[in-house]
Amino acid sequence: MTQVPCTHCNLTFSEDVMIIEDEHYFCCKGCQGVYHLLNSEGLGTFYDKLGDTKLQPAIQVSGDLEKFDLEGFKNKYIKEHEDGLLEVNLIIEGIHCSACVWLNEKVLHKTDGVMEATINYSNNKAKVLWDPEEIPLSRIIETIRSIGYNAYPYDPALQEERAAKTRKSYYLRILVAVFGSMNIMWLAVAHYAGYFSGIQQSFKDILNVAEFILATPVLFYSGFIFFRGAYYGYKNKVVNMDTLVASGALSAYIYSIYAMITQRGEVYFDSVVMIITFVLVGKYLEVLSKKHAVDTLDSIMGSTPTEVTVLKENVKSLVSVENIIIGDVIELKPGEKVVIDGKVTTGQASFDESSLTGENEPIYKKVGNDILSGSICLDSVVQYKATADASGSLLTSIVNLLEESIVKKPRIEQLANSISGYFSTSILVIALLTFVGWYFYADNFEQALIVGISVIVIACPCALGLATPMATLVGISMAAKRGILFKEATFLETMAKSDVLALDKTGTITEGKPSVLKADLLDGFDPALLLALVNTSNHPISKGIKSYLKSEYNVLSTLTLEEIKSIEAKGLSATYKETVLLGGNAALMQTSDIDIHMSTDSENSLFFFAIDNNLVARFELTDTIREGAAEAIKEIQDLGIKIVMLTGDHAQSAHKVATQVGITKVHAKLLPHEKAQMIDKYHEKGHVVVMVGDGINDAIALASSDIAIAMGNGADIAISVSDVVLLDEKPKGIFEAYRLSRRTFRAVKENLGFSLLYNVVAVPLAVMGFVNPLVAALSMSLSSLIVVGNSMRIKRLKFKDK
Amino acid sequence: MSEDVVILMISVSTLLGTIGLIALIWAVKTGQFDDHAKFVDATRFDNEEDLQAAIKLEEKKKERREEIEARKNYRPPD
């Protein structure tokens, strides 16, 4: 059978499963619908722009549109402009290429009432401005969904936007600084030439004034950051790098003005701009690698309903979550997320508690069982009585805990900061003493001042300022190439100091999804029938069987089943042309009186498949350990790091996995906040803890650890609270992250050591008065270059598999 | 070479440079470099159709402004 691409999404499928229309092929109704919609709207050129890019099939999402028009939503996400227009910030899901951006913008522009819609391709974020009198927001979202994308709101007044703003402000300041220093440099060339071969005072004056004009904006606009830093330092009684830079640059600047006016001595304007530019670039490198997204809680809170259905005297009504009181009866529909804790009063259903325990297996609940907020009702309608109000529910307390742990996340004092503090103080003191000494020794105020200033200028904070950011930036880019994303440069340093590694089990050490370990096939087994049956369910076991069938049998024809039923907590049943298909656990087989003449006793999950009440297959499924986990753990232990396992799973399976990968210390059956408590316990003992996890249940623990590492396809929340993301999800990445951070930290120490050594040599020379402007400028650039060069050496770190 | 020539050369070149710098700062401030991809795509996808769409959007905005204006100045006949 030939494989053909879908006209809309470009994914290829075999020809016979496609919907064929004229000469177009569609993989699903959704894609077909979008294709016709776009053509009728005159947006067919989208496909020319798309080229060969593959899209997600256009799955039509429906429902929950009303929530966009509710008052609670409006207060939270929508901003009203003076002229009555409303503004919302959305994240658009499903954008793959620039053609998608083009399409979304065009479609929104064509919608009546939408005044402005801009989408940023780099982060898929959109700003939409619309007139509420002409169109409600729900219609706008519906429009986006109708073309196969999805949109959800986010709050832009968060750290990410602030970080972007700081970056921009730094960038502007650097532009001015670079412009100023470049221009002063070529004026300085004339100056230096004149210094050696003689220059008329009148020309010298012209150069001085020109340099003065160029240096002024650099010092006061670009250098504002240092003055601000020095001011805060002064208020907190701390001498920091900013104090040194600000005082050095300012005193050199004032002295130069004095020299310019009195027409005596040399001006130091070039040194002023050099210092500002170099140190500013160093600071910018740090800002550049600051964490991108800290919009953590939005992903949880954005997906939770703001209203729930309450039953009062048999009347259903939508009530805002905040107004729920204990004792209210709430109705849950399949697919809904629980926001209020409670006890089931009528009905029964399976619940997905993966956000709380990390385990994917749904949990069956009947009358009298507790429902926890944060779980998702999977298969049927349930009524339950609230046992807590919104603020007392588990979900809210998790969110609160998370917020708290993010704010008070432990930060290890940075090495460079403490060094530069001492350094700055001593240089300032030495400069002052030099000035006093020369004043009494030479009895010449002017000369004493020059020498004093030259001490500060030659001390050259540039190399020291570049020492850390340069090395960490190289470290970060090296890590990124290996699929390890450090969100902030300083995390490398913290990670290098860590001595305890805490690992989550499901999804971190293991794959997090069951896969087939053993398959016993009997007569009459038809893989196509089984595939059709498991295709109807989203249960992890079904998915495991599905991927097994797909890898074992190349092409299976698609069959259409009838009377599909999902039997709670047991399995599935369906009919195909008079034959009855039954798939599920041993209990299902027993209730259907099917003779299981095979072992039902196993530590793994079992799945039986019967056709017309005859057992035809038995599968054993288990969560497999990730490739290379044991080796990576061994290598990390060899680095002298203690490894513990923290898991929400029960002790038996936790220990089984632990012994397989060589972890000796295991803490099992932990709830999300208990994991965090374990981390805190290690903190109390003075350990620096790295935590690796993937789920919402790990989020609090991740937030309270020193360094949080998340798996690339983990829950959004886990990724956003984490400091490091492993894109390829290999446990080996943890080991590599350790090695890289240790190597980078070593380079930082070397750089700091060098710049201190440089000062030990240069400062005494300056104190003795041997330094002239040319020497100062040359040595300044040279020392910065050495620091940059040393940092580049990190790139030579070798990994085994390369 | 007289002083005047040097002054002229320095001031003219610095002035030209400053104009360039100001243009660059303006572009950064108005967010023209925020989305690096859009910059390139704009030239790739540029066609008449898109210009029409942009004009329509402008018209839509203008219409609304006028409408508001009209509503503000509306006086019921007495």
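How many residues does the contact take from chain B, and how many from chain A? It takes 23 residues from chain B and 22 residues from chain A, where two residues are in contact if their C-beta atoms, placed from the backbone, lie within 7 Å. On the side of chain B that touches chain A, helix 1 (3–29), helix 2 (36–44) and helix 3 (48–72) of chain B each supply at least two residues, and helix 1 gives the most, with 10 residues. Helices (H or I, at least four residues) and strands (E, at least two) are DSSP runs, numbered from the N terminus.

The model is a predicted one, in which local features need pLDDT of at least 70 and side-chain atom pairs count only at pLDDT 80 or more, while totals for chains, interfaces and linings use all residues. Residues are numbered from 1 along each chain as its sequence is written, and chains are lettered from A and ligands numbered from 1 in the order in which they are written.

Within chain A, helix 4 (residues 98–110) has 13 residues that should span 18 Å at 1.5 Å a residue, and its end C-alpha atoms are 18 Å apart, which agrees; the expected span is 1.5 Å times one less than the number of residues. Of these 13 residues, 10 are buried, so helix 4 of chain A is largely enclosed by the rest of the structure, and Trp102(A) and Lys106(A) are among the buried ones. A residue is buried if 20 or more other C-beta atoms lie within 10 Å of its own, exposed if 12 or fewer, and partly exposed in between, with C-beta atoms placed from the backbone.

Helix 7 (residues 201–222) of chain A reaches 30 Å from its first C-alpha to its last, close to the 32 Å expected. This helix bends by about 25° at Ala215(A), with Pro217(A) following within four residues, the bend being the angle between axes fitted to the seven residues ending there and the seven starting there. Its buried residues include Ala215(A) and Val218(A).

Strand 12 runs antiparallel to strand 10 (residues 307–312) of chain A, joined by 3 bridges, and antiparallel to strand 18 (residues 382–386) of chain A, joined by 4 bridges; two strands pair if DSSP finds at least two bridges between them. Glu331(A) is the bridge partner of Thr309(A) and stands opposite Gln383(A) in strand 18.
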